[in-house]
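Take a look at it first.

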Amino acid sequence: MAKVKQKKERTFLQDLLNFQGSLNGKSQFLDKVRLKGAEGVRNTPFPTKKLEDWKYISLRDLYRDSYELASELDVEVPDFSEHYLPESEQSRLVFINGSYSEAHSTTEALPDDVTIGNIAQLAAEDNELLKEHLNTYAQNNFEDDVFTAFNSAFLKDGAFIHVPEGKTVDTPIHLLNIQTDAEEHYFATPRTVIAAEQDSEVTVIEDHIGLADNKYFNLPVVEVNLEEGAHVKHTKIQRDSRKAIHIARTAAFVAKHADYESYTITRGAKLSRNEPRISQRDEEVEFTVDGLVLIDGDQVSDTHSVMDHRFSHAESHQLHKCVINGKAHSVFNGKIFVQRDAQKIDSFQENRNLLLSRKGLVNTKPQLEIFADDVVCTHGATVGQLEQDELFYLKSRGLNEQQARELLIYAFALETIENISVDSVQELLAEEVRNFTKRQLDSELAV
Amino acid sequence: MLEIKDLHVCVEEDGTEILKGVNLTINEGEVHAIMGPNGSGKSTLSKVVAGHEAYEVTQGDILFEGESILELEADERAHLGLFLAFQYPVEVPGVTNKNLLRQAYNTIAQEQGREELDPLQFEDYAKEKLDLIKMKPEFIERSVNAGFSGGEKKRNEIFQMAVLDPKISFLDETDSGLDIDALKTVANGINQIADDDNAVVMVTHYQRILDYITPDHVHVMIDGEIAKSGDKDLAIKLEEQGYDWLIEPATASVNGEQQ
């Protein structure tokens with residue numbers, strides 16, 4: 001990635017480093033991670049619009065506002081059990097405003113040899129697996145990224161999942177990140193690590209939910225490592241508060257014969273930036289990085305992805321669909337790299353946008369950089385509207401405008417959610433699509 | 001049942017006039033065929049009756065059971081009992097035939113004050129109708145028209161017609177793209193649906209389907225007007241002689257002739 005000289009912008013985020021040390025003292029290992037992160041924040045300027053990769057969105061709100069580290073949780077929490085997944089009744093880790101909630105978490109359904117728990121606790125126990133994996137992958141794929149460094153500098157807690165060799169975990173694991181309005185202007189830096197050993201299999205639902213309508217800054221970093229033959233299904237649902245800022249990084253490494261399936265649903269936050277970077281570690285891998293974005297009002301959603309094909313025989317798939325209404329703004333930049341010796345790559349990338357309003361905005365840039373000569377890479381981007389003929393067809397069957405639009409938007413979105421293996425997640429996403437459609441119709445009627 | 005009076009219609013976007021004074025009366029129990037060359041306005045007529053928003057009625061009226069329906073939306077017309085079988089049915093992936101049709105059926109039932117059906121009742125009801133077009137029960141579980149062959153799409157239109165049980169149906173080139181066996185099946189289905197209480201209007205290029213469905217009235221549309229009306233013999237004459245003999249200055253004087 002090209003480096004551009006940048007004037008160092010002073011943000012409150014750097015000032016926060018003064019308070020970073022208060023987290024230290026419970027685990028030497030975490031202290032080191034934080035120290036390294038703090039160094040990164042000191043040495044790396046926060047990005048501005050002058051950078052090619054950040055030119056479509058403004059982070060001014062983030063830089064000029066002030067956020068504090070969320071305090072330890074001792075507040076009354078509203079009942080959020082409606083967000084529990086029936087498949088994960090006994091396999092759930094809950095974090096409230098960035099702090100682990102033991103009372104809401106349970107991992108009873110999971111096999112004993114699966115290591116699962118919150119990072120702070122495992123670090124306090126000096127867990128060797130945690131030390132082996134934590135920050136290894138994020139550090140590697142986001143070396144120059146100030147937000148990843150910031151997450152490290154303030155690493156307080158998060159989820160750690162280690163699946164041993166040959167183990168198939170049938171029960172999906174639900175990572176529930178709840179944000180309440182007990183505090184305003186706080187930031188959370190949840191870290192998630194999924195380490196899947198050889199021939200293991202696991203399904204993880206990473207869920208971000210804002211219960212209220214408050215301002216906060218959510219900066220999750222997810223690290224996924226797949227050893228030979230491992231299969232990880234990772235679904236991320238982002239339903240943060242509509243005033244929140246959500247900046248997320250996912251670093252995934254895929255070894256031989258491994259299969260990483262990732263689906264990211266973006267529904268919440270005022271501003272969200274999602275950056276999955278998937279790297280091939282060996283030949284013959286498969287990975288999927290599909291996404292669905294549903295935004296309206298003044299929401300901004302930006303996805304910058306990197307699919308890095310470093311070895312031969314990879315099959316990769318990225319279908320990124322966006323439905324945009326109101327004055328919402330969707331950005332997509334999907335980079336596909338095929339390195340020089342990576343032959344026989346079969347890569348598919350498509351960004352499809354359904355623009356429902358005149359004031360909505362779409363910037364899309366599929367990007368291929370291919371240095372090998374024997375590859376099949378297809379990529380494309382479309383921006384369209386609901387077709388009058390399609391609406392007419394459904395209305396002529398007796399469906400009213402709302403029912404017809406609902407069906408067509410659902411039909412548009414479906415392709416990105418129908419492969420998610422957890423039934424209740426599919427259902428709740430179908431419901432999200434319906435709610436989104438209703439909402440946009442209501443707002444139109446209100447105008 | 002349906003009266004079309006001196007109907008003038010243009011394309012809303014560019015003002016091109018397509019229908020230039022169409023008169024047509026359709027009564028209960030009747031089967032009509034509207035024939036005519038490409039671009040004569042046959043398809044436009046059926047879309048306008050169904051309420052397509054791309055067209056603007058500049059003159060005349062459409063009365064359904066004595067009331068003008070020009071101000072009604074497409075769905076409101078469907079609620080009254082109008083149906084259009086599309087020439088190019090739309091694909092709706094992810095929505096099963098069953099779900100779409102149950103929603104449609106119940107919406108119409110609600111508007112007409114009839115009893116709504118729950119999923120199980122509806123499934124039984126819909127499966128009975130499948131026999132009409134000789135399709136297997138799995139057909140209702142498939143996504144609406146998604147990946148259907150041309151013939152399947154046309155059958156699906158007739159299936160939808162059977163399920164929704166409209167008072168008057170316009171079938172826009174339902175016969176095109178069908179092989180002879182499918183044509184017989186579809187025609188047979190239409191014959192079974194048509195009864196004394198409803199009406200069917202077939203819009204078609206060819207006389208072919210009329211070998212299987214005998215129309216009470218045949219109309220020839222040329223350049224936005226009904227140039228000639230007659231009985232099934234007119235269709236046979238058209239098959240033998242084409243449309244040329246009608247595309248003459250005589251057109252104007254025949255306009256307005258009622259059957």
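Where the chains meet, chain B puts in 23 residues and chain A puts in 17 residues; two residues count as in contact if their C-beta atoms, placed from the backbone, lie within 7 Å. On the side of chain B that touches chain A, the elements giving two or more residues are helix H2 (74-80), strand S7 (92-96) and helix H3 (97-112) of chain B. Helices (H or I, at least four residues) and strands (E, at least two) are DSSP runs, numbered from the N terminus. Sorted by class, that side of chain B has 14 nonpolar, 6 polar and 3 charged residues. Here Ala, Val, Leu, Ile, Met, Phe, Trp, Tyr, Cys and Pro count as nonpolar, Asp, Glu, Lys and Arg as charged, and the others, Gly among them, as polar.

A quick word on what you're looking at: this is a predicted model, in which local features need pLDDT of at least 70 and side-chain atom pairs count only at pLDDT 80 or more, while totals for chains, interfaces and linings use all residues. Residues are numbered from 1 along each chain as its sequence is written, and chains are lettered from A and ligands numbered from 1 in the order in which they are written.

Now for the sheets. Strands pair if DSSP finds at least two bridges between them.

| Chain A, open, 10 strands | S3-S2-S6-S9-S12-S14-S16-S18-S20-S22 | mixed | S3 (99-100) and S22 (375-384) |

In chain A, strand S9 (residues 201-210) runs parallel to strand S12 (residues 231-239), and 9 bridges join them. Along that pair, Ile205(A) sits opposite Thr235(A) in S12(A). Helix H10 (residues 401-417) of chain A lies across strands S14 (259-266), S16 (285-295), S18 (314-324) and S20 (345-355), at about 155 degrees to S18(A). Such angles run from 0 to 180 degrees between N-to-C directions, with axes being lines fitted to C-alpha atoms, for helices over the stretch in contact.

Over in chain B, strand S1 (residues 2-11) and S2(B) run antiparallel, joined by 7 bridges. Leu2(B) stands opposite Ile26(B) in S2(B).

Which helix is largely enclosed by the rest of the structure? That's helix H8 (residues 146-153) of chain A, because 8 of its 8 residues are buried. Among them are Phe147(A), Phe150(A) and Asn151(A).

The largest nonpolar core has 187 residues, of which Ile161(A), Leu226(A), Val254(A) and Val323(A) touch the most other members. A nonpolar core is a set of buried Ala, Val, Leu, Ile, Met, Phe, Trp, Tyr and Cys residues joined through C-beta atoms within 7 Å. H10(A) gives this core its largest share, 9 residues. Leaving aside neighbours within four places in sequence, Val254(A) is in contact with residues including Leu226(A), Tyr260(A) and Phe287(A).

How values were computed: Buried ≥ 20, exposed ≤ 12 C-beta atoms within 10 Å, placed from the backbone.
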